[in-house]
Amino acid sequence: MTNQPDTFKKVISHAKEYGFVFQSSEIYDGLSAVYDYAQNGIELKKNIREYWWKAMVQMNDNIVGLDAAIFMHPTTWKASGHVDAFNDPLIDNKDSKKRYRADVLIEDYCAKIETKIDKEIKKAEKRFGDSFNKDEFISTNTRVISYQDKIKSVLSRMGKSLENEDLDDVKALIEELEIADPLTGSKNWTDVKQFNLMFGTKLGASAESAMDLYLRPETAQGIFVNFLNVQKTGRMKIPFGIAQTGKAFRNEIVARQFIFRMREFEQMELQFFIKPGTQVKWYEYWKEARMKWHLSLGMGSENYRFHDHDKLAHYADAASDIEFKFPFGFKELEGIHSRTDFDLNQHQTHSGKKLQYFDHEDNKSYTPYVLETSIGLDRMFLAVFSNALTEETLENNTTRTVLKLPSVLAPTKAAILPLVKKDGLPKVAKSIVKELKWDFNVVYDEKDAVGRRYRRQDALGTPFCVTVDHDTLEDDCVTIRFRDTMNQQRVKIGDLKSIIENEVSMKNWLKKM
Ligand code: ATP
């Protein structure tokens, strides 16, 4: 697949056609940037969540879980800074009437320069062949250096202007760089304005007594306000973490990238409480640990990179994104933030309650620092799904669409197929399903020729097809077919469980971390 917009379109249509993701309220023409997970999508999403939960909670003695409510006391959001500062800089194009995030327009401009760097590298690679030294080329080629300098200076100026709330300079930068509306090419821009991303709602039966609430824009605050409850009741010793998965809501300005940017989405977050002064060590620790988690899924190390932030959020003293190569380029998949004691301090100030930890070793109390890892479950879904969708040309020149999902995440682990719908084969196939479903999600399928059934399961990402044929009645063996290689093997029915288990068990995958 070469053409990027085409690839992304295929991802979206495959997700719909095979029952992974539907547009919300589709019969009413949909609701923008809101999506529903369908019968296969929900299984994939659940498996990603579980893979994260096991790695974070089950495998770490000092991390526990939490499920805080979506509604929180409104002062929470004053304390966290979201009421005053959870804004995105928006800009409208006067001709097209389209709305954009000013920072995203500038970042996309830089991404285009990066593509030019990639092209230079590819050209040089061809020219120099085996003797090509990529690192040396990048650090010495004058054209590449000037591209890199350009990116650096643009991003650093944008970072400073946003930090100083100098929105006029953000607009000036867009004009100086001659950035045009990506849809129409028009450069006729309005001023840049701030736009708060929180959704408001009301709690209470009568208009007079109703209380203004927000739908939480991140799950983190539910953890901070429960910090002392968990620490005391769990007798947790610093360093320790609280992990949570759950919905978050943001009124995103531009949401045109399928489940990459949604208005209702799910986060998987860890807040790790540490002793002040140890944040650099833990920041490095969690960057590495989270990258290992990603790499354990085998989706190609070349598809990940760190992006350290120049522009820091109001609560952070260091921040880095793990970026993934989506069909539309490298974009943020997960954030790792050193949040200092900002949040706990703010909640102490606004609530008047102490949120401190007594350190028995040092014999003193302090407000812990916090290291956060925050990943969007839907974004991870898109990363996994888009990376898996492959079109292969087979020897006979037909194409095969196969969803090469990491088998540990696949919605269905095996499809059990009677070769024909008669001669007692369905009965044997159904008895295999009955036995295997204690351990795995398996399906029974008897419709169409077996070749077509294989293709259907390939498109759904099912790692194994198990075919029952006439010989099975004699020898108690079945043919197991492997999704990625299409190799087939004759095995005993009694061995199926261990063969599948060996390939899909979370334990075996997590051990790769
Ligand atoms: P972006 O810069 O893309 O808006 P962010 O830096 O605001 O993201 P965080 O606040 O750090 O994101 O949230 C942590 C994670 O939550 C992100 O890395 C991303 O995976 C996910 N996320 C954030 N906003 C959305 C959204 N609108 N839709 C889906 N996932 C999201």
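Trainee: Which strand gives the most to the shell around the ligand?

Mentor: Strand E13 gives the most, with 5 residues; strands (E, at least two residues) and helices (H or I, at least four) are DSSP runs numbered from the N terminus. Before we go on, note that this is a predicted model, in which local features need pLDDT of at least 70 and side-chain atom pairs count only at pLDDT 80 or more, while totals for chains, interfaces and linings use all residues. Residues are numbered from 1 along each chain as its sequence is written, and side-chain values use heavy atoms, with hydrogens and water left out.

Trainee: Why is Glu372 called buried?

Mentor: Buried means under 20% relative accessible area, exposed over 50%, and partly exposed in between, with a 1.4 Å probe and protein chains only. Glu372 has a relative accessible area of 2%, and therefore it is called buried. Its place is in strand E16, residues 369-376.

Trainee: What makes the pairing of the side chains of Glu372 and His337 a polar contact?

Mentor: A polar contact is a pair of N or O atoms within 3.5 Å, where, within protein, one must be able to donate a hydrogen and the other to accept it, and residues adjacent in sequence count only if both atoms are side-chain atoms. The side chains of Glu372 and His337 make such a contact at 2.5 Å, and the side chain of Glu372 makes another with that of Arg339 at 2.6 Å.

Trainee: How do you know that Asp108 and Lys331 meet in a salt bridge?

Mentor: A salt bridge is a side-chain nitrogen of Lys or Arg within 4 Å of a carboxyl oxygen of Asp or Glu. For Asp108 and Lys331 the N to O value is 3.2 Å, and the pair is counted as a salt bridge. This pair links distant parts of the chain, with Asp108 in helix H5 (residues 102-128) and Lys331 in strand E13, 223 residues apart.

Trainee: What makes Lys123 and Glu120 a salt bridge, and where do they lie?

Mentor: Their closest N and O atoms are 3.9 Å apart, and Lys123 forms a salt bridge with Glu120. Both lie in helix H5, 3 residues apart, about one turn of the helix.

Trainee: Why is Lys123 called partly exposed, and what is Glu120 called?

Mentor: Lys123 counts as partly exposed because its relative accessibility is 47%, whereas Glu120, at 11%, counts as buried.
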